[in-house]
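Good morning, everyone. Please look at the screen while I bring up the model.

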Amino acid sequence: MEIAQLKAELERLHRASFGWALSCCRRDPSEAEEVLQTVYVKILEGKARYRGESSLKTWLFAVIRKTAISEHRRGLLRRLRFIAEPEHQTQRIPAHEEPGTVFERSEAQERFQRALATLPARQREALHLVFDEDLSLREAADVMGVSIGSARQHYDRGKKSLRESLEQEIAYGIRWRGKENPGIVS
């Protein structure tokens, strides 16, 4: 694929790529922007090459995921180093409020995000790739670096857990984790 064609495809996939980067970066917009910028530089410098073995979107999402993981590890190491040297700690500047923030604050969205956050990472990834990014289970498996059977299992378990968590929260108004209150009088 020629560089001009690759740039055009990257632009076309930018919105979906940013959404996936957000998911990989625990919904931190500034971290997602950094990861996506690093991915674009890797691609344009030829450090990450598309070989046509899967769709461009699947390949791109795999590069984003791997880059987010390595950036997260690097950040952990930096924080560990700063803990040992407290005089070098820096304060984090809060990210600017995005237009989508208003919607994310709605009650239903907050409930959904809380329920989603309780899922294991692989289940969250599978659900995001299939629902938000409109990938097939095979493509999601390629992005996640797992077999199709494993991706299907993460997807099915994630849907089931998410459904149960949301039903439980709606039924009780708060999350009770399925424990009954023995002191309640009926």
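First, the ground rules. This is a predicted model, where local features need pLDDT of at least 70, side-chain atom pairs count only at pLDDT 80 or more, and totals for chains, interfaces and linings use all residues. Residues are numbered from 1 along each chain as its sequence is written, and side-chain values use heavy atoms, with hydrogens and water left out.

Now the overall picture. The protein chain has 9 helices and 0 strands. Along the sequence the pattern reads α-α-α-α-α-α-α-α-α. There are 186 residues in the protein chain, and 32% of them count as buried. Buried means under 20% relative accessible area, exposed is over 50%, and partly exposed is in between, using a 1.4 Å probe and protein chains only. Take contacts between residues at least 6 apart in sequence: 62% join residues at least 24 apart. Contact means heavy atoms within 4.5 Å.

On to helix H2, residues 14–24. Which residues of H2 are buried? They are Ala16, Ser17, Gly19, Trp20, Ala21, Leu22 and Cys24. Just after H2, arginine 26 takes a positive phi of about 55°.

Next, the neighbour. The axes of H2 and H3 (residues 29–45) come within 8 Å and cross at roughly 125°. That makes the two helices oblique. For the terms: axes are lines fitted to C-alpha atoms, for helices over the stretch in contact, with angles from 0 to 180 degrees between N-to-C directions. Under 35 degrees is roughly parallel, over 145 roughly antiparallel, 65 to 115 roughly perpendicular, and the rest oblique.

Who meets whom? From H2 come His14, Ser17, Phe18, Ala21 and Leu22; from H3 come Pro29, Ala32, Glu33, Leu36 and Tyr40.

Last, the aromatics. The count is 3 aromatic pairs. Rings of Phe, Tyr and Trp (its six-membered ring) pair if their centres lie within 6.5 Å; planes under 30 degrees apart are stacked, over 60 edge-to-face, and the rest tilted. Tryptophan 20 and phenylalanine 61 are stacked, at 5.8 Å centre to centre and 10° between the planes. Tryptophan 20 sits in H2 and phenylalanine 61 in H4 (residues 56–84), so the pair ties together parts 41 residues apart in sequence. Tryptophan 20 is buried, at 0% relative accessible area. Phenylalanine 61 is buried too, also at 0%.

Technical notes
Helices (H or I, at least four residues) and strands (E, at least two) are DSSP runs, numbered from the N terminus.
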